[in-house]
Amino acid sequence: MEYSAVIDAPFGQLGILCLDGALVNLEFLAERQALRPPMPRSLEQEVAEQLRAYFVDPRFGFSLPYRLRGSEHQLRVWGEIERIPCGQMRRYQDLATALGSSARAVGNACGRNPVPIIVPCHRVVARNSLGGFNRSLGRETVDIKQWLLAHEFGC
């Protein structure tokens with residue numbers, strides 16, 4: 001994927017893609033890429049600045065235009081996730097019950113969240129573990145989820 005910007009984060013790198021005045025994709029990059037600083041006075045610059053503010057203070061409230069594209073179910077799941085406050089977690093099953101869905105379907109929607117951190121899917125966990133993150137049970141993404149939760153539990 002071609003990103004509008006690639007920035008450093010405390011846990012690695014993030015790819016930012018903005019189109020038509022909205023953030024449409026924020027991606028954890030598995031492999032190191034060349035940094036691509038945002039253009040001055042661009043939405044990408046605002047995204048990067050707000051992310052940096054969040055990395056300093058997890059209570060920072062994002063105010064970015066973003067566009068979520070997904071199925072009706074995914075949009076409902078992402079809407080529920082947006083309401084989880086900093087320093088709190090919900091279980092996949094709790095969201096599933098609230099939505100009349102299944103924990104697996106909620107987990108799949110979490111994994112397809114196009115703007116993680118902004119829509120804080122890292123706050124959704126399994127009954128007896130952190131669960132997966134960003135469509136993976138891999139160590140690199142679960143490590144990011146652990147970092148984000150540890151960062152936020154200071155709220």
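Reply:

Glu82 lies in helix 2, which covers residues 72–82. Helices here are DSSP runs of H or I with at least four residues, strands are runs of E with at least two, and both are numbered from the N terminus. The model is predicted: local features need pLDDT of at least 70, side-chain atom pairs count only at pLDDT 80 or more, and totals for chains, interfaces and linings use all residues. Residues are numbered from 1 along each chain as its sequence is written, and side-chain values use heavy atoms, leaving out hydrogens and water.

Glu82 is partly exposed, at 36% relative accessible area. Buried means under 20%, exposed means over 50%, and partly exposed is in between, with a 1.4 Å probe and protein chains only. Setting aside residues up to four places away in sequence, Glu82 touches Tyr66, Leu68, Val119 and Pro120. Contact means heavy atoms within 4.5 Å. Gly131 is 49 residues from Glu82 in sequence, and their C-alpha atoms are 18 Å apart.

Now the rest of helix 2. Its buried residues are Gln74, Val77, Trp78, Gly79 and Ile81. An α-helix has 3.6 residues a turn, so residues three or four places apart point the same way. The cover over the buried residues of helix 2 includes helix 3, helix 4 and strand 5 (124–125).

Two of those covering elements also pack on each other. Helix 3 (residues 92–99) meets helix 4 (residues 103–111) at about 105 degrees, with the axes 8 Å apart. Helix 3 is therefore roughly perpendicular to helix 4. That label covers 65 to 115 degrees; under 35 is roughly parallel, over 145 roughly antiparallel, and the rest oblique. Axes are lines fitted to C-alpha atoms, for helices over the stretch in contact, and angles run from 0 to 180 degrees between N-to-C directions. Helix 3 brings Tyr92, Gln93, Leu95 and Ala96 to the contact, while helix 4 brings Ala103, Val106, Gly107 and Cys110. By type, 6 of these residues are nonpolar, 2 are polar and none is charged. Nonpolar means Ala, Val, Leu, Ile, Met, Phe, Trp, Tyr, Cys and Pro; charged means Asp, Glu, Lys and Arg; the others, Gly among them, are polar.

Last, the setting. The chain has 5 helices and 5 strands. Their order along the sequence is β-β-β-α-α-β-α-α-β-α. Of the 155 residues, 46% count as buried.
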